[in-house]
Amino acid sequence: MLVAGILAVIAFLVLAFRGFGFLAWLAAAGVVLAGWRLSDIESPLAFQVSVLVLVALALVSGLPALRRRLVTRFLMPRFAKVLPRLGDTERIALEAGTVWWDADLFSGMPPWRKLLEFTPRPLSDDEQAFLDGPVEDFCARIDDWDVQQQRDLPPEIWALIREYRLFGLIIPKEHGGHGFSALAQSRIVTRISSRSVTAAVTVMVPNSLGPGELLMHYGTEAQKQRWLRRLAEGTEIPCFALTGPEAGSDAAATQSEGIVEKRLVNGAEVLGVRFNWKKRYITLAPVATLIGLAFRLKDPDHLVGEVEDRGISCALIPRDTPGIDIGQRHDPMGVPFHNGPIVGTDVWVPFDAVIGEHAGVGNGWRMLMECLAAGRSISLPALSIGAAQMATRICGAYATVREQFDTPIGRFEGIEEPLARIAGLTYLMTATRNLTCGALDAGEKPAVLGSIAKAYLTEGMRTVVSDAMDIRAGSAIQRGPRNTLARAWAAVPIGITVEGANILTRSMIIYGQGAIRCHPFVEKEINAVAANDLVAFDRALFGHVNLIVTRSVRALLLALTGSRLAGVPEVVDTRRYYQHLSRLSAAFTIVSDTAMGTLGGSLKRREKLSGRLADALAYLYLASAALKRYHDEAKTTANLGLARWSVELCLQRVQEALLGVLENLPARPAAWLLRALIFPLGARFRPPSDELGRRVARDILEDREARRTLTGDVFVPPPDEPGLGTLEAALDKAVDALPIETKLRDAVRAGTIDRAPGHMLDELGLAAGVITRAEYDRLNEARDARDEVIQVDAFDPETYKTLH
């Protein structure tokens, strides 16, 4: 019997580890029962009872008809009281978009081969040519300091926007646009944002959530023919009015209203809508000629249906329509892209202004949520990557060129630490952009992953730009044409706030939507209870039980073996990271299920817990993106260091998030049990080590190709332009002069010449014959270039009074 018991345990653990929960119960029960029946040894009564209970559990769990009769029909009413009740608005938001790799992470057994075999669509020849040609020219003609002072893009830049059809990046070619991919759109916005945030936002917004995208997906053919070409060519400048004083994060609470009514127009009765609204924070509103409006449609006279309140809808309204007050400007952190309020008072337009006309009535919220799922994945992540790559480019050069104590500042550990963070986060952010845009280009609309990309990449931007400001120190806080970083720093809070403030996105949206959409069974359980479908509920419930049992076993065994039991692809250099992520995915699944099971519908009000669960899911995804990037790109030493730094950061943050949930879960016995399952040997994951950080920092200081690869989307200005241009030129000269400086330092150590600062040392070296005249000239040229790039801007008092 002892042998039978041991075999039963082994059978259960093996099958459960591989995801066969009910089969594990049945196999264990069968082994024990067979051993009992074949044994001549008299077993104790307690053992016999235990065997019978095990057999009964196996039969009940493994036979659906029996378990429905004995178990499920009694559980279903109880679950109906516990499961969250979803209103129509909440349900539409939850159902928006699609699920993709996020669902695989939620499963607790991510299929890594699926991720590695996924091939993101590369840029087409046309897209690459557009990036290298018109976009490069557009960036070259922008003087961002002048834009800042004039408080607008100059007329020639607005003309280029129209000439290059930059408002039509996503509009199909048949309607006058470019029809570019999500990746192309992202890289274009990233390139422009590295030059000018104002220009990037101006280009970005019409290609994100707005009239163009709404028309493409939901407009009537007549509406597409009327507007899309004009939008692509820039004849019309669009804006989209969603946010109002009463409806910020809770956009569905809008008090903007449209009343269906008829009016006489040129002697004929015309069906239309009369609007009243107050909107604010609307980008491009001051210059917009076409207003997209989100509003609640009312039909008191039942002119378009039997229901009076028809719900959220969207409409397109020309600027010159009577009753519109538009043109005032907000001042978002001093960044001068156009943004302002719009007020509409008794604004009447024909009914064909409603997007989709009759088919679009009441579907506006769904339209907005589905389009936002894509827009969040592209626009602000692209803006964030532009800032991060620019900061990496600037600091990699500056920390080499700038010297203190006769040493480039990048050699000091105090600078190495933020440099490693800048480079590692930039790699991680770009990897996440590449994978998310790849999913979009494959036809997905990953709502949860889009929210993760928006929130965590804009937070990454905040960290990277802050570190870059610290490294640049005094020169970073003196505004002027030379200081590119200061303008990026001013714009950071904008990305954090718009398209769903990060506090809201992290604490409510990511896990709130993910727990239902991405979980293998929760949405099925909710729908089955709502439909009173016992068969569907039974299938979902016991599938859920199977998930909890198998992932608990999996999490425990992986924790006890240092993740070594996880089956992952045979990959170069990074296999252990895939194993660790497999372990943490299983851990996340059971922590998530325990939180949902013990808190029920109240979990959505426990925003600190749901925020930590969002952190865990987000960093599982970001780590997946980093591993995917390393798998797809050249296997260089620099890339490996960056991938390792990124994944080790993510592993530690997933662990930190899960521990935070366990430490604050109200059901303390469940939390204690989970901690024993997930971290039986303690919390072992650590942030990237100092040594790894040192290697990453050295790579962007010394490996020119690594630095170029990491910042490949940055616009690099000509070498005579103050700022990044002169910094790049100084870096080239400094690198060329390094061997000569080494000769001088060696001569000082040997006592051949005395120690002296800067040019004085060069003079001593030349006089003593340590260096040649040609080397002296090269060295002085490098020192002059260094002197130029460490200068800051200063203004006479009268000019200073006019600065913005």
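Let's call a residue buried under 20% relative accessible area, exposed over 50%, and partly exposed in between. Keep in mind that what you're looking at is a predicted model. Leu-70 comes out at 46% relative accessibility, so it counts as partly exposed. You'll find Leu-70 in helix α4 (residues 64-82), and together with Leu-63 and Leu-66 it makes a nonpolar surface patch of about 240 Å².

Now for the charges. Side chains of opposite charge can pair when their charged atoms come close. Here the count comes to 48 salt bridges. One of them joins Glu-261 to Arg-274, with the closest N and O atoms 3.1 Å apart. Glu-261 sits in strand β2 (residues 257-265) and Arg-274 in strand β3 (residues 268-283), so this pair ties together parts that are 13 residues apart in sequence. Glu-261 is buried, at 16% relative accessibility, while Arg-274 is partly exposed at 22%.

Then there's Arg-482 with Glu-788, a salt bridge at 2.8 Å, N to O. This one links distant parts of the chain: Arg-482 is in the loop between α17 (447-472) and α18 (484-497), and Glu-788 is in helix α30 (residues 773-789), 306 residues apart. Salt bridges with shared partners also join Glu-261, Arg-263, Arg-274 and Asp-346 into one network.

Finally, a look at helix packing. The axes of α21 (residues 534-560) and α25 (residues 668-678) come within 7 Å and cross at roughly 50°, which makes α21 oblique to α25. At the contact, Ser-552, Ala-555, Leu-556 and Ala-559 of α21 meet Ala-676, Leu-677 and Ile-678 of α25.

Terms used: Residues numbered from 1 in each chain as written. Predicted model: local features only at pLDDT ≥ 70, side-chain atom pairs only at ≥ 80, totals over all residues. Heavy atoms only, no water. Patch = residues over 30% accessible without salt bridge, like charges linked within 9 Å, V, L, I, M, F, W, Y side chains within 5 Å. Areas by Shrake-Rupley, 256 points an atom, 1.4 Å probe, with all protein chains shown as cover. Salt bridge = Lys/Arg side-chain N within 4 Å of Asp/Glu carboxyl O. Helix = DSSP H or I, 4+ residues; strand = E, 2+ residues; numbered from the N terminus. Buried < 20%, exposed > 50% of the residue type's maximum accessible area, 1.4 Å probe, protein only. Axes fitted to C-alpha atoms, helices over the stretch in contact; angles between N-to-C directions. Parallel < 35°, antiparallel > 145°, perpendicular 65-115°, else oblique. Contact = heavy atoms within 4.5 Å.
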